[in-house]
Amino acid sequence: MKRKWYDWRNVYLWLVFLLLYAPIFYLIFYSFNAGTTMTHFTGFSWQHYAELFADTRMIEIVLDTLLIALLSSLLATIIGTLGALAIYGIKKVWLKNSILSLNNILMVSPDVIIGASFLIFFTFLGLRLGFSSVLLSHIAFSIPIVVLMVLPKLSEMNHSLIDAATDLGATNLQVLTRVVFPFITPGILTGFFMAFTYSLDDFAVTFFVTGNGFETLSVEIYARARQGISLEVNALSALMFLFSLLLIGGYYFIEQYNSSKKERRRNRMEAKLIK
Amino acid sequence: MKRLISFALAIIAFCALLAVGSSQLQKSQGASSSGTLTLYNWGDYIDPALLTKFQKQTGYKVQVETFDSNEAMFTKIQQGGTNYDLAVPSDYMIQKMHKAHLLVPLNYKRLHGFNHIDPHFRDQSFDPGNRYSVPYFWGTLGIIYNDQMVKASAVQHWRDLWSPKLRNNIMLVDSARDIMGMALITQGHSVNTTNVAQLEQAKLKLEGLMPNVKAVVADEIKMYMAQNEAAVAVTWSGEAAEMMANNSHLHYVVPTEGSNLWFDNLVIPKTAKHYKAIYAFLNFMLKPENAAQNAEYVGYATPNKAAKALLPKAVATDKQFYPSDSVINKLQVYADLGNRMVGIYNDKFLEFKMYHR
């Protein structure tokens with residue numbers, strides 16, 4: 001049966017996408033408003049973008065936010081991957097399950113509680129609130145996410161692969177770097193990007209642990225919202241949306257390129273074998 | 001593995017780039033650790049041009065950090081780990097902070113220009129003798145109405161809101177103290193009453209208002225009123241000023257029988273360190289020309305009498321935002337009633353909101 005162009009499944013799909021994206025495009029549309037509110041579009045202008053680039057504090061906060069997100073997700077990915085390896089290696093079932101449960105509890109416990117406990121903990125230690133406190137807390141709440149992303153990949157891996165490698169005389173380190181890591185790389189990357197997005201848009205935890213002149217984007221925008229959100233924030237949102245679009249697009253093309261390269265290599269090898 | 005390592009290296013390189021960029025920006029703003037003053041303020045509540053002017057005059061850089069509620073600010077200052085030199089709490093919160101021993105008394109020998117503050121706004125119940133606080137901005141609770149939908153003469157007093165003509169046409173701001181206070185004033189009681197019977201009466205009075213209430217909303221009230229969604233709303237003067245900027249048919253009234261008078265005030269929290277910079281800043285902000293400039297930027301009413309004289313005539317004589325002395329004398333400031341009493345206010349307000357018409 002030939003599919004009609006308006007297949008109901010497609011209609012449903014597009015409807016959902018429309019609902020998800022409409023608010024974002026609405027926001028972006030008004031970032032070009034010559035007026036100052038989101039209620040009437042009075043004309044096209046770049047003025048809110050000009051305001052945004054003149055606002056050095058805002059730009060500084062954007063850079064800091066990206067820095068925190070990248071650095072915390074990188075460190076969390078390293079720690080979380082090693083943690084997932086350790087959990088994978090545990091033989092006792094009850095111990096493995098209890099550690100996994102502890103990991104999951106951190107995932108589901110409300111951000112506000114995590115944030116408040118970090119604040120109390122950091123001040124108890126006498127740590128100055130600021131860059132380091134935000135970084136540490138972001139690493140801490142990102143680790144469980146990374147563990148959850150990497151662990152299924154490890155369980156998916158055929159254990160005979162490791163046995164075969166050791167059988168062929170590979171050292172433990174070689175097994176890890178040549179066999180295990182290449183296999184779980186997709187899991188690690190997913191973990192990294194999940195951690196990155198979590199860190200980028202976290203508000204509740206960050207709100208408690210910022211201080212001494214250091215702030216992230218979500219906290220700043222929330223504080224500014226008291227006077228009604230200025231369209232400068234719309235302009236920033238539009239740029240961030242464009243940035244993530246480029247990031248996703250770039251990632252997709254790199255993947256595409258890599259897999260096609262692999263494909264070509266495999267084809268060449270096969271051609272050689274046939275000869 | 002190679003791929004992962006190069007990925008990680010790329011991220012680290014990017015991080016380094018970001019760190020350099022951010023520190024460059026900080027330098028361009030003239031940050032230096034020695035002469036920095038940290039101001040803990042509401043979002044967008046000071047003219048940034050004044051901060052650069054202050055830095056040029058005194059050499060101290062002002063770092064502004066922002067909060068969105070008195071309670072959040074209280075928690076962060078109480079918890080410590082921060083070095084806020086000045087904070088801007090509202091009236092009842094000053095009392096609460098004082099009780100929690102979080103405030104440093106002002107040294108009047110180092111403070112110049114306090115005499116510019118209008119005597120009406122000095123020596124309030126939340127801080128007798130202004131031992132701890134310098135008034136920063138003030139405002140009222142009032143009625144905002146749309147002259148296309150309702151006549152001005154029909155909404156001059158709180159009791160007018162109960163008129164059957166306003167059926168399903170009133171929006172209330174979602175704030176227990178304010179709406180309960182409105183009902184209390186209508187019945188001739190104090191907004192700080194601790195008499196539970198009076199509160200119960202106020203609740204019953206409010207339930208009678210229900211047929212007229214279209215919605216009990218928070219910040220959205222600004223947008224709704226600007227879009228002609230309702231004829232009348234009860235809200236604060238600062239919010240009203242913003243709505244009026246977006247819709248010329250809106251007008252604000254402070255009922256003459258009384259209303260709430262609220263203050264935001266500069267205080268020195270326990271976490272303060274840079275006292276020289278603090279007094280330089282307080283004296284700078286008390287100067288009439290600076291206070292006037294700030295009032296024009298923020299759009300709230302300044303308690304600085306000399307600054308008010310410098311404002312454009314149309315602003316300074318606007319009865320909506322600078323009501324006459326006879327009205328001001330009837331205004332009441334909220335006192336900190338303690339957790340138990342605040343709980344009762346909140347419960348009564350909740351009962352009202354759940355009331356089925």
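Q: What makes up the secondary structure of chain A?
A: Chain A has 11 helices and 0 strands, and its elements, read from the N terminus, run α-α-α-α-α-α-α-α-α-α-α. Helices (H or I, at least four residues) and strands (E, at least two) are DSSP runs, numbered from the N terminus. This is a predicted model, in which local features need pLDDT of at least 70 and side-chain atom pairs count only at pLDDT 80 or more, while totals for chains, interfaces and linings use all residues. Residues are numbered from 1 along each chain as its sequence is written, chains are lettered from A and ligands numbered from 1 in the order in which they are written, and side-chain values use heavy atoms, with hydrogens and water left out.

Q: What share of the residues in chain A is buried?
A: Of the 275 residues in chain A, 39% are buried. Buried means under 20% relative accessible area, exposed over 50%, and partly exposed in between (1.4 Å probe, protein chains only).

Q: Why is A:Met38 called partly exposed?
A: The relative accessibility of A:Met38 is 30%, and therefore A:Met38 counts as partly exposed. A:Met38 belongs to the loop between helix 1 (8-30) and helix 2 (47-54) of chain A.

Q: Which residues is A:Met38 in contact with, leaving aside its neighbours within four places in sequence?
A: A:Met38 is in contact with A:Tyr26, A:Leu27, A:Tyr30, A:Leu231 and A:Asn234, where contact means heavy atoms within 4.5 Å. A:Asn234 is 196 residues from A:Met38 in sequence, and their C-alpha atoms are 9.5 Å apart in space. For chain A as a whole, 71% of the contacts between residues at least 6 apart in sequence join residues at least 24 apart.

Q: How are helix 7 and helix 8 of chain A oriented to each other, and why?
A: The axes of helix 7 (residues 159-167) of chain A and helix 8 (residues 172-201) of chain A come within 10 Å and cross at roughly 160 degrees. Axes are lines fitted to C-alpha atoms, for helices over the stretch in contact, and angles run from 0 to 180 degrees between N-to-C directions. Angles under 35 degrees count as roughly parallel, over 145 as roughly antiparallel, 65 to 115 as roughly perpendicular and the rest as oblique. Helix 7 and helix 8 of chain A are therefore roughly antiparallel to each other.

Q: What residues form the contact of helix 7 of chain A with helix 8 of chain A?
A: From helix 7 of chain A, A:Leu161, A:Ile162, A:Ala165 and A:Thr166 meet A:Val175, A:Val179, A:Val180 and A:Phe183 of helix 8 of chain A. By class, this contact has 7 nonpolar, 1 polar and no charged residues. Ala, Val, Leu, Ile, Met, Phe, Trp, Tyr, Cys and Pro count as nonpolar, Asp, Glu, Lys and Arg as charged, and the others, Gly among them, as polar.

Q: What is the secondary structure of chain B?
A: Chain B has 14 helices and 10 strands. Buried residues account for 54% of its 357 residues.

Q: Why is B:Asn130 called buried?
A: B:Asn130 has a relative accessible area of 5%, and therefore it is buried. B:Asn130 lies in the loop between strand 4 and strand 5 of chain B, and its phi is positive, near 45 degrees, in a residue other than glycine.

Q: How are helix 5 and helix 6 of chain B oriented to each other, and why?
A: Helix 5 (residues 176-186) of chain B and helix 6 (residues 196-209) of chain B pack at an angle of about 100 degrees, with their axes 9 Å apart. They are therefore roughly perpendicular to each other. Their contact has 9 nonpolar, 2 polar and 1 charged residues.

Q: How are helix 3 and helix 4 of chain B oriented to each other, and why?
A: The axes of helix 3 (residues 70-79) of chain B and helix 4 (residues 91-99) of chain B cross at roughly 20 degrees and come within 11 Å. Helix 3 and helix 4 of chain B are therefore roughly parallel to each other. The residues of their contact divide into 6 nonpolar, 1 polar and 2 charged.
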